[in-house]
Structures are given as structure tokens and as C-alpha cells.
Amino acid sequence: MPELPEVELARQVLADALGREIRDVDDHDDWVCRPHAPGDLAAALTGGRLTEAHRRGKTLWCETENRDGHSGPNLGLHLGMAGQLRFAGRSGPPGPKRFRGRDEKPEWFRFGLTFADGEQLRLFDTRRLSRVRLDPDLDALGPDAGEVSRRDFRERVGRGRAPVKARLLDQSVLAGIGNLLADETLWQAAVSPARPVNELGDDDLANLHQALRKALRAAIRHGGVHTGEIIGHRRAGDHCPRCGAEMAHGTVGGRSTWWCAKEQA
């Protein structure tokens, strides 16, 4: 599924749609919009406006106001595996390569808002795994991985005996890190993904926090986690671009994992 950088790119698209009066709502897809029935989202949003675009980790939502100018429900948007927001010629995140340049089927547009000025905000999803719902629950999420302080990072990530990659992937610990971003961060910090977190010293955790911030900034700037330095080398027979050692592969925290056999041993 999209990770924090891709969701941040989608938030930037969503931010462009703020302040416009909502004239019409397309909420026909009862799977993407569950548990709301067709027409429920339209009744809650038509005549109102989107006022603030927010993101915590991989979760995206927008504050709204109703037609009377009072606070309305939060509109939650989850991109699933391949969801993409489109507005006024902008789109984010990029979406799967295999669908780029292909004729697009009308049913791939799962949800949409039409504004009084004629512009449309549309959710495009080839796989129907995205989700739109009012007032999404954020209580189970830890702090955003891009905003967590070094101190909070050390306290949250360094607690327990889990493998460090598994801890980074736990959304209740930090929100926003997925499989690719975890591999990139651990490679940047030269830390073994299987190393128990209680074996990481303060300097290790500080370096890991710095590596995470660096990886996030680069991914957002370049268009997503697939642009990371190690990502293109996560395959059999490839080599670490930093030292030339062969890349190793295994499963950590239930996820397919790649690391440098020398620097992350």
C-alpha cells in the first residue's frame, strides 16, 4: 500500500481543493464507501466545503464545514494499494506503472466531489481497495513518522525485544512506515533489520531517526518510496550501491526484507 511519502503527495493534491463549495458528491461505490450507503456521503457533504487537509502516517483526512458554515464531519480517505487523488490536472501518488498510459475505465473512479466552480476531486483506484468514510478513527495510530521527535522515537522504537524492522512497521508505534521505507531506512543507518531493539544504543537510535528523516524527505521530493537508493537493488544477485556486497534476502516481522550482507550483518 502507499506509504507516508505517497500519502503526503496525495495530501498536497487534496490541499489544492480546499475552500470550494461542494456542488455534487459521487458516492456510488458501496464497497469503497462502506459502511455508508450510496447517498450518505452526499447528504453529509453537499453544499459544504473542505477546510483543512491532514495526514498522520498513511491516513489522510479533511476537515469540512457544512452549508451553514459550522463544522462538519471529517472526510477520511485511505488510498489502499493503488489509490490516487486527482484534482485540476494534478495527481498523487503516481500509481502503479502497469496502469500508466492505459485507457482508463470509468468504474476505476470510485468517489468524487464536484465543486461549484466546475473542478472535480476524484479518487482513482484500479483495485477497489481504497476507502472513503466519515470521521475515521485515529486512536490506534502512533505519532507520525515524519514528525516524531528524536526523544519520542528512541522511547517508542527502543522499547522491547522485537526485531527493529518489525517495530518500525508497527503503526501503533510510528504511523507511516511500510516495507520499502523500512528497508531504505535500515540500509541508510546500516542496521540489521533482524537486530532486537533492546540491543540498540542511544547512538544507534539517533542514527536510525536521522536516516528515517532523510529517507522521508528524499522520497517526498522525488515522488515516492520507490525512488529510494536501495529500492532498485532489492533483488537476487544485485549488490549494495554503497559497498558492493551482495544483497541478502529473508523474512523479518512477516515481511519480505532485503539488506546489505556486509554492512547490515
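Tutor: A term to begin with: the expected span of a helix is 1.5 Å times one less than its number of residues. Helices (H or I, at least four residues) and strands (E, at least two) are DSSP runs, numbered from the N terminus. This is a predicted model, where local features need pLDDT of at least 70, side-chain atom pairs count only at pLDDT 80 or more, and totals for chains, interfaces and linings use all residues. Residues are numbered from 1 along each chain as its sequence is written, and side-chain values use heavy atoms, with hydrogens and water left out.

Student: How many residues does helix α6 have, and how far does it reach?
Tutor: Helix α6 (residues 202-222) has 21 residues and reaches 30 Å from its first C-alpha to its last, close to the expected 30 Å.

Student: What comes just after α6?
Tutor: Gly223, with a positive phi of about 110°.

Student: Which residues of α6 are buried?
Tutor: Among them are Leu205, Leu208, His209 and Leu212. Buried means under 20% relative accessible area (1.4 Å probe, protein chains only).

Student: What do the buried residues of α6 pack against?
Tutor: α1 (4-15), α3 (150-157), α4 (164-169) and α5 (179-189). Contact means heavy atoms within 4.5 Å.

Student: New topic. How do strands β10 and β11 run?
Tutor: Antiparallel, with 6 bridges joining β10 (residues 247-252) to β11 (residues 255-260). Strands pair if DSSP finds at least two bridges between them. Val252 has Arg255 as its bridge partner in β11.

Student: What sits between β10 and β11?
Tutor: 2 residues, in a hairpin. Gly253 in the turn has a positive phi of about 60°.

Technical notes:
Buried means under 20% relative accessible area, exposed over 50%, partly exposed in between (1.4 Å probe, protein chains only).
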